[in-house]
Amino acid sequence: MTLIGLDVGTSGLKGVAISADGELLASASEDYPLSTPQPGWAEQDPEDWWRAAQAVLARLPAGEIGFSGQMHGLVVLDADGALLRPAILWNDQRTAAQCAEIEARVGLARLIALTGNRALPGFTAPKLLWLREHEPETYSRIRHVLLPKDYVRYRLTGEQAIDVADASGTLLFDVAKRRWSAEVCEALEIPMAWLPQAFESTEIAGAVDQAAAALGVGIVQPGLVSVVLGTSGVVFAVLPAYAPDEQARVHVFCHAAPGTWHAMGVMLSAAGSLAWLRGVLGADYGTLDAEATRWEPGVEGLQYAPYLAGERTPHADADARGAFTGLSLRHDRGALARATLEGVAYGLRDSLELLRQLGVRPQAGRLSGGGSRSELWSAIVASVLGIPLERTESEEGSAFGAALLAGVRSGEFASVDEAVSRCVRVRDRVEPDRAWVDAYERGYRRYGLLYPALRPLQERPESSG
């Protein structure tokens, strides 16, 4: 049996075809544009996703199809199923006022208890409230609400449905009970009739991108954590039971494995930090990596705060900004690179420590993302986190996990556990460097002082004075 995974990303759609043993048979991708009609806005035409899906499927063999995709994006349809406007995406920042309104209407503690999260501009519910206030004519015509990958499914099959993992990111879902929250919808005056029926991921072969990617590296039971060194950084773990963080410093959602939940911490500038430094210094990654190896852990007191684009975990602060501290005349380009690698690793450690407070007891991690290709960075992250990190053979990410879900739905696999055991294979393992661990424990304690020290200096100009 051929299994297809489609991942509806922010910059493009990727498709993979794999065998029932996890062998990659084919892959294809199609890019599409991002619209920013005003500062802080981010929109896309859902028809671009559909056109990309058609083009990708045309280049893949036929098979059972699973879906993954970007979270939170709002797609609104009229009574005939026609699009009413472009989709408002996860990275759109226009809804700060609506987030405050949601927390006031529901109550912050109650909102976190029900949805596992506080109201953030990226989520779906604030976008609906924004439409109600600013585009009332469009809002009055809404009859159906979908998320990005589910619009592609709808165009492909005619079915309006959502999986519990993606529904968890709408801020309209009772995450503990794995169903839409009548309480939240009533408080926000959003008709539940607009919402598609919610299923377990294995029932409709769909999951949000992070859950699908975690499944693709074998994160289906407690004991392993997923560590993603992509443009953003993610530490993701299956929880022993539903348990939101009281301050919602990490996101808690339903997982793609039925009856389970996951928590994840997200830092916004992980490998993105190194990409920024590379551009500033005009050096390639290999050169920076080689020069960074010449410095000892701690870089003689040089530290990097990785808040180039604000931060999400553990500091929900869009105004946070990055910094190098402890610079001396001895520090060179390699020192800046090593400090950057270490600062990102400390940011990932922040997320792991919060997951531990929720009962996560990781024995090892599965490392993925572009940054995992650096042997030095992989060793630094393993040493800072204090756990061995494994890299898997497949680097196909969310699309690979979506293909595994297609196999479960079709009956090729009896469960997600069987899908993982048959298709996910560990390529190598990176152990913490014992000679570095003590230095990084000291470094992590110093890192914890950076954000509170820098925060008073990082106010926006219009709010100063």
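**The second largest pocket and its setting**

Modeller: In this predicted model, 14 residues line the second largest pocket, and Leu274, Tyr285, Gly370, Ser374 and Trp377 are the ones that lie nearest its centre. The space in this pocket comes to about 220 Å³. Three helices, α11 (271-281), α12 (285-292) and α13 (333-357), each supply at least two residues of the lining. Of the contributors, α12 gives the most, with five residues. Sorted by class, the lining holds nine nonpolar, four polar and one charged residues.

Helix α14 (residues 375-385) leads from here to a sheet. This helix lies across β14, β20 (364-368), β21 (389-392) and β22, and runs at about 140 degrees to β21. These strands belong to an open sheet of seven, ordered β16-β17-β15-β14-β20-β21-β22, in which the pairing is mixed. At its edges stand β16 (251-254) and β22 (426-430), each of which pairs on one side only. On average, neighbouring strands of this sheet are turned by 25 degrees against each other, direction ignored. Within the sheet, β15 (residues 233-239) and β17 (residues 261-267) pair in the antiparallel sense over seven bridges, and glycine 233 stands opposite methionine 267 in β17. Helix α10 (residues 209-216) also packs on this sheet, where it touches β14 (224-229), β15 and β17; the direction of α10 makes about 75 degrees with that of β15.

Strand β2 (residues 12-18) pairs with β3 in the antiparallel sense over seven bridges, and glycine 12 stands opposite aspartate 31 in β3. Within α6, aspartate 150 and arginine 153 are three residues apart, about one turn of the helix. These two residues form a salt bridge, with 2.5 Å between the closest N and O atoms. The structure holds 41 salt bridges.

Terms used: Residues are numbered from 1 along each chain as its sequence is written. This is a predicted model: local features need pLDDT of at least 70, side-chain atom pairs count only at pLDDT 80 or more; totals for chains, interfaces and linings use all residues. Side-chain values use heavy atoms; hydrogens and water are left out. Two strands pair if DSSP finds at least two bridges between them. Helices (H or I, at least four residues) and strands (E, at least two) are DSSP runs, numbered from the N terminus. On a 1 Å grid over the protein atoms alone, a cavity is a set of points where a 1.4 Å probe fits but cannot get out, and a pocket is an open set with protein on both sides within 12 Å along at least five of seven lines; lining residues have an atom within 4 Å of a point. Grid points are joined across faces, edges and corners, and a volume is the space filled by probe spheres set on the points. Ala, Val, Leu, Ile, Met, Phe, Trp, Tyr, Cys and Pro count as nonpolar, Asp, Glu, Lys and Arg as charged, and the others, Gly among them, as polar. A salt bridge is a side-chain nitrogen of Lys or Arg within 4 Å of a carboxyl oxygen of Asp or Glu. Axes are lines fitted to C-alpha atoms, for helices over the stretch in contact, and angles run from 0 to 180 degrees between N-to-C directions. Contact means heavy atoms within 4.5 Å.
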